[in-house]
Amino acid sequence: MIRRKWPAAGVGVLLAALTAGLAFPTAAVAGEPTGQDAPQVDLVLDVSGSMRTRDIDGQSRMAAAKQAFNEVLDATPEEVELGIRTLGADYPGDDRKEGCKDTAQLYPVGPLDRTEAKTAVATLTPTGWTPIGPALLQAADDFKGGNGSKRIVLISDGEDTCAPLDPCEVAREIAAKGIGLTIDTLGLVPNAKLSRQLSCIAEATGGTYTSVEHQDELADRVNELVERAAEPVVTPVATEGAASCAKAPTLESGLYTDREEFGQQRWYRVDVPAGQELRASVSVAADRAVNPDYGVLLRAVTVHDREIVRGEATGNGRTDVLSTGLRYPKPERDDDDSDKPAAETVCLAVTNSFSPGSGVKTTPGLPLELTIDVVEGPGESSDVASFGLGRGWWLLGALVLTGFLAGLVWGWLSRWRFAVWRTH
């Protein structure tokens, strides 16, 4: 019995050792101190009367928002301090002046008690007006200070009803204070006027606008924004791509922003040393009404116009941001290559196939965000294309070899036992 179990036990020990070897370095990196105060997020939810409308997955907009909030509260990282503010939740009357004061802090920004926050959300009932501007003004004061990231996530199904206090101007005032506050917006209905207003609010503070029509989309997007708040704060560097590789700016590892016209192609250059790997990704946002069916293409090209690798993504009108990426490892130089340059200049070309909706301005261009990393390359450049396994091939090889040896031992034991049985 002991001999029969040895191969399985050996495989178990090997897997445990390999798993431990792979896991320990990750834990060490993740545990390093960040030196930042706790990130803070304030979720601002529209609870106006229109949230009673039943057009999200067969339920009311309010019910969908409550379900999404419960999922978000369960998934909020421990290090994030989260609060909830409402607008239009308390005043049911027709007095516009009173209705435009109707914003309250439902749950203060701070360490999250999930049960308490869920209980507070459960009490909400669609009631009154849509004072987005006043709500943003007060939400900006909900934060406790510190040098951690600060983010407002505004969720609404209609435009502000409290003009002349323009919420877009309020967002610009908040940005002008220089407190590093980002406002992301989500619209619950595909409405052109709402889209323009929420896009303007987001753009004023460097945030994003997303239109969602399903409860799971809402939960996923809010979760993504809350988790983004916990990431290290990185300030993008403004750059300007060129119309050709020869005139393109040379970029180093970092995060960059640019603007790209509809259907335009922008070029950038990156020097990749031998033995290093270029990792690049790009996102292009539709910050205005665009026609459905569009795409984004990112290509790595040599200075002689030979394509090396590409990444592409397509959309059909259900998302406002398209992202794609690529990887290119530059092999180490051989002794025979000593006369070749130590680094290769790689040209990155970003192309989009967005087209503007009727009457939409084409300038300025669409917001573009480019991430570039030049890192230590894999042992062999072919590893990257090894069916997605990369350096995991050595683990697969070890497991195959272990299985082969275990099979030989098991076969030998089976034959030996059969021979013993026949002799007796």
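Which residue does Arg114 meet in a salt bridge? Glu78, with N to O at 2.9 Å. A salt bridge here is a side-chain nitrogen of Lys or Arg within 4 Å of a carboxyl oxygen of Asp or Glu.

1. Basis. This is a predicted model: local features need pLDDT of at least 70, side-chain atom pairs count only at pLDDT 80 or more, and totals for chains, interfaces and linings use all residues. Residues are numbered from 1 along each chain as its sequence is written, and side-chain values use heavy atoms, with hydrogens and water left out.

2. Confidence. pLDDT is the predictor's confidence in each residue, from 0 to 100. The chain has a mean of 82, and 82% of its residues reach 70 or more. Residues 1–34 are below 50; beyond near neighbours in sequence, this stretch has 14 contacts (heavy atoms within 4.5 Å) in the model. Residues 380–391 also stay under 50, with 15 contacts beyond four places in sequence.

3. Overall build. The chain has 9 helices and 17 strands. These are DSSP runs, numbered from the N terminus: helices are H or I, at least four residues, and strands are E, at least two. Of the 424 residues, 43% are buried. Buried means under 20% relative accessible area, exposed over 50%, and partly exposed in between (1.4 Å probe, protein chains only).

4. The opening pair. The structure holds 17 salt bridges. Arg114 lies in helix H4 (residues 114–122), and Glu78 in the loop between helix H2 (61–75) and strand S4 (81–87), so their bridge ties together parts 36 residues apart in sequence. Arg114 is partly exposed at 23% relative accessibility. Glu78 is exposed at 70%.

5. A buried pair. Arg85 and Asp142 form a salt bridge at 2.8 Å, N to O. Arg85 sits in strand S4, Asp142 in the loop between helix H5 (132–139) and strand S6 (150–156); they are 57 residues apart. Arg85 counts as buried at 5%, and Asp142 as buried at 11%.

6. Glu169 bridges to Arg172, with the closest N and O atoms 2.6 Å apart. Both lie in helix H6 (residues 167–176), 3 residues apart, about one turn of the helix. Glu169 is partly exposed at 39%. Arg172 is partly exposed at 40%.

7. A network. Salt bridges link Asp55, Arg61 and Asp157.
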